[in-house]
Number of protein chains: 2
Amino acid sequence: MRGRLRIVGIGPGDPSVRTFRAVEAIKESEVVVGYETYIGLIKDLLEGKEVIPAKMRQEIFRAEISISKALEGRKVALVSDGDPNVYGMAPLVFELMAKRGVEVDVEVIPGVTAALAAAAKLGAPLGSDFAVINLSDLLTPREAILRRVKAAAEADFVLVFYNPIDSGLTKAALEVVRSVRGDSTPVGLVKNAYRQGEEVRITALGEVDMDWIDMRTTIIVGNSETFTWRGYLITPRGYSNKYRL
Amino acid sequence: MRGRLRIVGIGPGDPSVRTFRAVEAIKESEVVVGYETYIGLIKDLLEGKEVIPAKMRQEIFRAEISISKALEGRKVALVSDGDPNVYGMAPLVFELMAKRGVEVDVEVIPGVTAALAAAAKLGAPLGSDFAVINLSDLLTPREAILRRVKAAAEADFVLVFYNPIDSGLTKAALEVVRSVRGDSTPVGLVKNAYRQGEEVRITALGEVDMDWIDMRTTIIVGNSETFTWRGYLITPRGYSNKYRL
């Protein structure tokens with residue numbers, strides 16, 4: 001009998017921003033695998049389960065052990081924070097299965113990714129087309145990241161930056177956008193959205209406090225129409241082009 | 001006493017993919033406003049409430065009535081499917097408040113947007129940077145949309161297309177990507193994700209059946225590294241560049 005592997009998005013952190021399906025999947029599992037911080041975020045769901053926590057950068061171990069426990073016939077939940085697709089565990093599990101030619105029954109359970117969690121805390125910054133870019137250069141060369149930033153900035157996407165772990169690269173990325181859009185472009189910074197230590201700041205590209213940004217910060221840069229109003233970041237959808245508001 | 005307006009993302013459709021916070025917010029509200037289809041998706045939560053359904057394209061009415069009911073001191077939930085930021089109701093509510101200079105207590109409650117819902121049904125297509133583009137030209141000129149598609153295709157973003165309501169524009173957008181990435185680029189089509197009538201198809205840019213795509217279809221086009229395997233769409237995160245998998 002083949003086991004089941006559920007790759008579960010647990011959302012940004014607070015239990016209230018989980019989906020019902022995510023909670024049910026974890027409750028029904030026998031084995032729970034995940035980065036130790038995420039395991040901490042779902043403590044309330046773990047009673048009676050075999051829990052396999054892993055350190056940062058042990059993603060391959062997490063995927064391997066999840067597949068192998070499922071192959072043993074066990075019901076496994078592999079947890080990702082946010083959504084398992086977006087810089088989460090889903091791609092790696094499928095990539096490994098394809099490479100090895102093994103397959104287990106997999107269900108991916110979507111979750112509220114950081115772009116949406118941060119956006120909700122800022123008001124309405126994602127009202128138009130947007131691009132999501134990972135600022136970690138662990139797996140992608142930095143020139144490739146900056147090229148992508150430039151293209152998206154020039155095409156006037158709202159930009160969402162994940163994982164600003166390297167302050168030099170983060171500064172370079174914001175500089176690229178500033179050179180295209182100018183100093184006054186609104187920027188929203190959200191640290192620990194829906195998690196302990198949550199903080200929200202709204203600033204402008206010419207005034208970003210680099211020291212405040214850490215790896216738990218999601219950065220949203222507005223497009224050419226984004227504006228701020230009473231502590232909110234707002235990207236119009238375009239109604240005022242067509243209707244009298 | 002000022003009322004409260006919660007702009008609630010109800011997720012893709014199935015109750016299991018709602019967040020707990022979304023359900024709680026609707027339950028605590030006195031007035032529920034939304035497009036009639038979305039009202040239908042939350043029937044189970046509406047007992048005893050004043051329900052104000054609206055037709056398609058009545059977004060301004062929905063935002064207006066929500067703000068005005070909140071100004072009367074009532075607790076209002078304005079529902080969006082998916083996430084309220086992403087082509088949802090949040091931007092319009094804030095834009096109207098800013099234009100009128102009125103303000104009510106607002107909370108935006110994030111939800112699982114179609115990109116994430118469709119991705120989960122396809123496996124792991126959003127493993128790398130991605131861009132979300134609305135293919136409706138109701139509020140954006142079609143040249144602007146196609147320019148954005150081209151820039152994102154050239155920068156090798158995974159592309160997620162929402163609202164393919166116009167088959168001519170949809171065809172043109174896919175043609176732009178095809179001219180950059182080639183015929184064999186994998187494409188995932190998901191109709192009614194987590195909703196009645198759900199259907200999933202994986203194809204290639206050179207073989208897309210335009211007649212199958214309707215306004216309820218989310219289209220995900222892979223980047224240059226995306227591949228298909230046993231009915232899944234997989235975009236590697238880049239581990240194989242760095243580690244032996």
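**A tour of the interface and sheets**

Start where the two chains meet: six salt bridges cross the interface of chain A and chain B. A salt bridge here is a side-chain nitrogen of Lys or Arg within 4 Å of a carboxyl oxygen of Asp or Glu. This is a predicted model, in which local features need pLDDT of at least 70, side-chain atom pairs count only at pLDDT 80 or more, and totals for chains, interfaces and linings use all residues. Residues are numbered from 1 along each chain as its sequence is written, chains are lettered from A and ligands numbered from 1 in the order in which they are written, and side-chain values use heavy atoms, leaving out hydrogens and water.

**Stop 1: the interface**

Select B:Arg21 and A:Asp14. Their side chains form a salt bridge, 4.0 Å from N to O. Next, select helix 4 of chain A, residues 90-100. Helix 4 gives the most to the side of chain A that touches chain B, with 10 residues. Helices (H or I, at least four residues) and strands (E, at least two) are DSSP runs, numbered from the N terminus.

Now show the whole contact. It takes 75 residues from chain A and 75 residues from chain B; contact means heavy atoms within 4.5 Å. The two chains bury about 7,000 Å² between them, 62% of it on carbon and sulfur atoms. Buried area is the accessible area (1.4 Å probe) that two parts lose on being put together, summed over both.

**Stop 2: a strand pair across the chains**

Select strand 7, residues 130-134, in chain A and in chain B. Three bridges join these two strands, which run antiparallel. Two strands pair if DSSP finds at least two bridges between them. Click A:Phe130: its bridge partner is B:Val132.

**Stop 3: the five-stranded sheet**

Stay in chain B. Which order do the five strands of the open sheet take? The order is 3-2-4-1-5, and the pairing is parallel. Strand 3 (50-54) and strand 5 (105-109) of chain B each have a single partner strand, so one side of each is left without a neighbour in the sheet. Zoom in on strand 2, residues 31-35. Five bridges join strand 2 to strand 3 of chain B.

**Stop 4: the three-stranded sheet**

Another open sheet of chain B has three strands in the order 6-13-12, with mixed pairing. Its edge strands are strand 6 (123-124) and strand 12 (227-229). Strand 12 and strand 13 (residues 232-234) of chain B pair in the antiparallel sense over three bridges. Finish on B:Thr228, whose bridge partner in strand 13 is B:Leu233.
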